[in-house]
Amino acid sequence: MAAVLFSPFSVLLFARISACLVAILVITWALHFQASFIPLSPSQEDLIYAVMHPLLMVIGFILISGEAILVYRWLPGSRNLKKSVHLCLQGVALGCGIFGIWTKFHGQDGIVANFYSLHSWMGLICISMFGAQWLFGFMNFWHKGEVRTTRLKVLPWHVFLGLYTYGLAVVTAEMGLLEKLTLLQANPNVTKRGPESSIVNGLGLSLILVSSVVILAAVLPKHQTPKPKAMF
């Protein structure tokens, strides 16, 4: 039973299902409860930027970077092909993360007015670490001048920092959800057991679920076909 539950196919299937759940919840929250993102109803442009922030950071940054981690588990072909797809997906996630932070800071009050909470501090630290990690991986695994022994020594650190940054991104998102929900529930129109509160709480739990499965898939030993024993 445990072998079936933790098989590569089961883990990948569970990761995709939980990722779809996260995407559905964040899209529903962003599009159905638009008024919660800008209560004062300013310009339509500010509303679009405010709604794009959770979409870009959750779907574009967290889910796509998680899919980049899973590439080595499901993509057939050579290792160079897997590294190419992994690097491209991480680059897309990095671009979404940078643009997502820019949309949050794109306002009349500027960057300083939005850079006040632990969520915003951790967000900038996380995207900076992610960018440094992407460049680190590019320089060490795609620079032809690096000898194989050097790349093998760097690989464990690359994997560790990649998973650490991914986990930090999820924690930062959870803090953002908590901060947003706390501010929303201060409004008497948003009840603690209302539909929006349930969606945000469900999104937080789903993020924990998908990140757990992605990290599990990354650390599980790769399946190897046992070699037949020699007969004497």
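This is a predicted model: local features need pLDDT of at least 70, side-chain atom pairs count only at pLDDT 80 or more; totals for chains, interfaces and linings use all residues.
The chain contains 8 helices and 0 strands. Read from the N terminus, the order of elements is α-α-α-α-α-α-α-α. Of the 232 residues in the chain, 40% are buried. The accessible surface of the chain amounts to about 14000 Å², and carbon and sulfur atoms account for 72% of this area. When contacts between residues at least 6 apart in sequence are considered, 73% of them join residues at least 24 apart.

Helix H2 spans residues 8-32, and helix H3 spans residues 44-74. The axes of H2 and H3 come within 10 Å of each other and cross at roughly 170 degrees. Angles over 145 degrees count as roughly antiparallel, and H2 and H3 are therefore roughly antiparallel to each other. On the H2 side, the residues that meet H3 are Leu 12, Ala 15, Arg 16, Ala 19, Val 22, Ala 23, Val 26, Ile 27, Trp 29, Ala 30 and Leu 31. Their counterparts in H3 are Val 51, Pro 54, Leu 55, Val 58, Ile 59, Leu 63, Glu 67, Leu 70, Arg 73 and Trp 74.

Side chains of opposite charge can pair when their charged atoms come close. A search of the whole structure returns 1 salt bridge. The salt bridge is formed by Glu 67 and Arg 16, with a distance of 2.7 Å between the closest N and O atoms. Because Glu 67 lies in helix H3 and Arg 16 in helix H2, the pair ties together parts that are 51 residues apart in sequence. Both partners are partly exposed: the relative accessible area is 21% for Glu 67 and 31% for Arg 16.

Phe 9, Leu 13, Phe 14, Ile 17 and Leu 209 make a nonpolar surface patch of about 500 Å². Helix H2 supplies 4 residues, the largest share of this patch. Phe 14, a residue of helix H2, has a relative accessible area of 41% and is therefore partly exposed.

The loop between H2 and H3 includes Ile 38. With a relative accessibility of 15%, Ile 38 falls under the 20% limit and so counts as buried. Apart from neighbours within four places in sequence, Ile 38 is in contact with Asp 46, Leu 47 and Ala 50. Ile 48 lies 10 residues from Ile 38 along the chain, and the C-alpha atoms of these two residues are separated by 9.8 Å.

Residues up to four places away in sequence being set aside, Ser 211 touches Tyr 166 and Val 170. The C-alpha atom of Ser 211 is 7.1 Å from that of Gly 167, although 44 residues separate the two along the chain.

Methods: Residues are numbered from 1 along each chain as its sequence is written. Side-chain values use heavy atoms; hydrogens and water are left out. Patches are made of residues with over 30% relative accessible area and no salt bridge: like charges are joined within 9 Å, nonpolar side chains (Val, Leu, Ile, Met, Phe, Trp, Tyr) within 5 Å. Accessible areas come from the Shrake-Rupley method with a 1.4 Å probe; for residues, only the protein chains shown count as cover. A salt bridge is a side-chain nitrogen of Lys or Arg within 4 Å of a carboxyl oxygen of Asp or Glu. Helices (H or I, at least four residues) and strands (E, at least two) are DSSP runs, numbered from the N terminus. Buried means under 20% relative accessible area, exposed over 50%, partly exposed in between (1.4 Å probe, protein chains only). Axes are lines fitted to C-alpha atoms, for helices over the stretch in contact, and angles run from 0 to 180 degrees between N-to-C directions. Angles under 35 degrees count as roughly parallel, over 145 as roughly antiparallel, 65 to 115 as roughly perpendicular and the rest as oblique. Contact means heavy atoms within 4.5 Å.
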